[in-house]
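Trainee: Could you walk me through this structure, please? I would like to learn how to read it one piece at a time.

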Amino acid sequence: MASTRRILTLNAISQTGLAQLPASYVVGADIAQPDAILVRSAKLHDMIIPESVLAIGRAGAGTNNIPVPALSARGVPVFNAPGANSNAVKELVIAGLLMGARNLIPAIRFVEGLTGDDEAMQKAAEAGKKTFAGTELPGRTLGVIGLGAIGSLVADAAIKLGMNVIGFDPAITVEAAWRLPAQVKKANSVEAVVKAASFISVHVPLLETTRNLINAERIALMQPGTVLLNFAREGIVDNTAVLAGLQSGQLHAYINDFPAVALLGQRGVVCLPHLGASTMEAEENCAVMVARQVTDYLENGNILNAVNFPNIDMARESAYRVAIANANVPNMLGQISTAMAQAGLNIHTMVNKSRGEMAYTLVDVDSVVPDSVVKQLCAISGVLAVRYLPVE
């Protein structure tokens, strides 16, 4: 039976997702001292996050709006929902391909500016349409930079539209590699992709290593008239370099999901209002996934899809469980085991995993864990957080 927990929502989280939380949970936008926070786009960097918070759940993929390093130092996992909005983003990318190939947005703006009666408008439209002649997608090459959940779907959809696809991802996972269509040509660098493709779509997270990934040097390598699409993250593309590329003709269009003052009203630029995951289905999928993950963590200590913790899923073999977040340093398991043995506790099952500087341990024991043991574990150098999770 789930215990009573307090969940703070900082955005309008899908009710379908909130319904995944146990009925005993108290959920709302004005919860004091919450056990967890569910968030979409609200920025937490300037927020004082209460010490009561045990987990953050981001109902989406990116976590740029969350102070992940500070939470890691407190032993607080930050969950996200990778892949839950993949189809929504993929569909918008395909729409962007068609916008760029067929000059749809400039054409729409042209028609909206026509004046006169129907006959005059039709005559002007017929005379002006040659300005917006575009290209068809079959036989063209799409370059996909980042071949994760979204990038692989984009590649597959483009292939079904008759396009050739070349892709690059230096950190592709085994799971993503299995999803990737066999027809995708693998490149060994970003440069190889931008040289080969007349359409380029980026699907990487915003990190220091990916900031301004598409810059003046890489735009210079592109084929004249390339269509560039960014539905990943603002900051991956250097806007100043893009504007220069549009001016020179190196770029034909820049279709993106991130409005900026420098881009608005510029020829060849289409800015959408961050619509990538803005579908009912995507919002529900993200909320359902993150609500389930946060619940399993609060109740059982299991971790799936935390951006700062290793994945651990240990089936309960005892009613008495201890979850320990700690720095990834030597002899931590030995100290944990010693503290429990000295208290007369028999370890039934123990699982420990690490991810970078963070490690996480789940221990099932055969009897009640005294408060004194929890305090002793907390006192071990390098331990960040300890939770006792008995089945109630």
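Predicted model: local features only at pLDDT ≥ 70, side-chain atom pairs only at ≥ 80, totals over all residues.

Trainee: Okay, how many helices and strands are in the chain?

Mentor: The chain has 13 helices and 16 strands, and its C-alpha atoms fill a box of roughly 90 × 45 × 35 Å along the principal axes.

Trainee: And what share of the residues counts as buried?

Mentor: Of the 392 residues in the chain, 49% count as buried.

Trainee: Which residues touch the most other members in the largest nonpolar core?

Mentor: Those are Leu 38, Phe 79 and Tyr 360, in a core that has 30 residues. At least two residues of this core come from each of β3 (36-39), α11 (280-300), β13 (320-327) and β15 (358-365), and α11 gives the largest share, with seven residues.

Trainee: What lies apart from that core?

Mentor: There is another core, of 29 residues, and Val 93, Leu 147, Val 154 and Ala 155 are among them.

Trainee: Switching to rings, how many aromatic pairs are there?

Mentor: The structure holds four aromatic pairs. One of them joins Tyr 297 and Tyr 360 in a tilted arrangement, with 6.4 Å from centre to centre and 35° between the planes.

Trainee: Why does that pair tie together parts that are apart in sequence?

Mentor: Tyr 297 sits in helix α11 whereas Tyr 360 sits in strand β15, so their pairing links parts of the chain that are 63 residues apart in sequence.

Trainee: Are those two buried or exposed?

Mentor: Both Tyr 297 and Tyr 360 are buried. They also belong to a cluster in which ring pairs link Phe 79, Tyr 297, Phe 309 and Tyr 360, and you will recall that Phe 79 and Tyr 360 were named among the residues with the most contacts in the largest core.

Trainee: What lies over the face of Tyr 297?

Mentor: That is Arg 387, which lies at 4.1 Å from the ring centre.

Trainee: What about the second largest pocket, what is its volume?

Mentor: That pocket has a volume of about 310 Å³. It is lined by 20 residues, of which Pro 106, Arg 109, Arg 267, Gly 268 and Val 269 are the closest to its centre.

Trainee: Which elements supply at least two residues of that lining?

Mentor: They are α3 (86-102), α4 (104-112), β11 (251-256) and β12 (269-271), and the lining as a whole has 11 nonpolar, seven polar and two charged residues.

Trainee: Last topic, where is His 274 found?

Mentor: His 274 is in the loop between β12 and α11, and its phi is near 55°, a positive value in a residue other than glycine. That deserves a remark because most residues other than glycine have a negative phi.

Trainee: And Asn 305, what is its phi?

Mentor: Asn 305 also has a positive phi, of about 65°, although it is not a glycine, and this residue is found in the loop between α11 and β13.

Methods. Residues numbered from 1 in each chain as written. Heavy atoms only, no water. Core = buried A, V, L, I, M, F, W, Y, C linked by side-chain atoms within 4.5 Å. Buried < 20%, exposed > 50% of the residue type's maximum accessible area, 1.4 Å probe, protein only. Helix = DSSP H or I, 4+ residues; strand = E, 2+ residues; numbered from the N terminus. 1 Å grid on protein atoms, 1.4 Å probe; cavity = no way out; pocket = protein on both sides within 12 Å on 5 of 7 lines; lining within 4 Å. Points joined across faces, edges and corners; volume = space filled by probe spheres on them. Nonpolar A, V, L, I, M, F, W, Y, C, P; charged D, E, K, R; others polar. Phe/Tyr/Trp six-rings, centres within 6.5 Å; stacked < 30°, edge-to-face > 60°. Lys NZ or Arg CZ within 6 Å of the ring centre and 35° of its normal.
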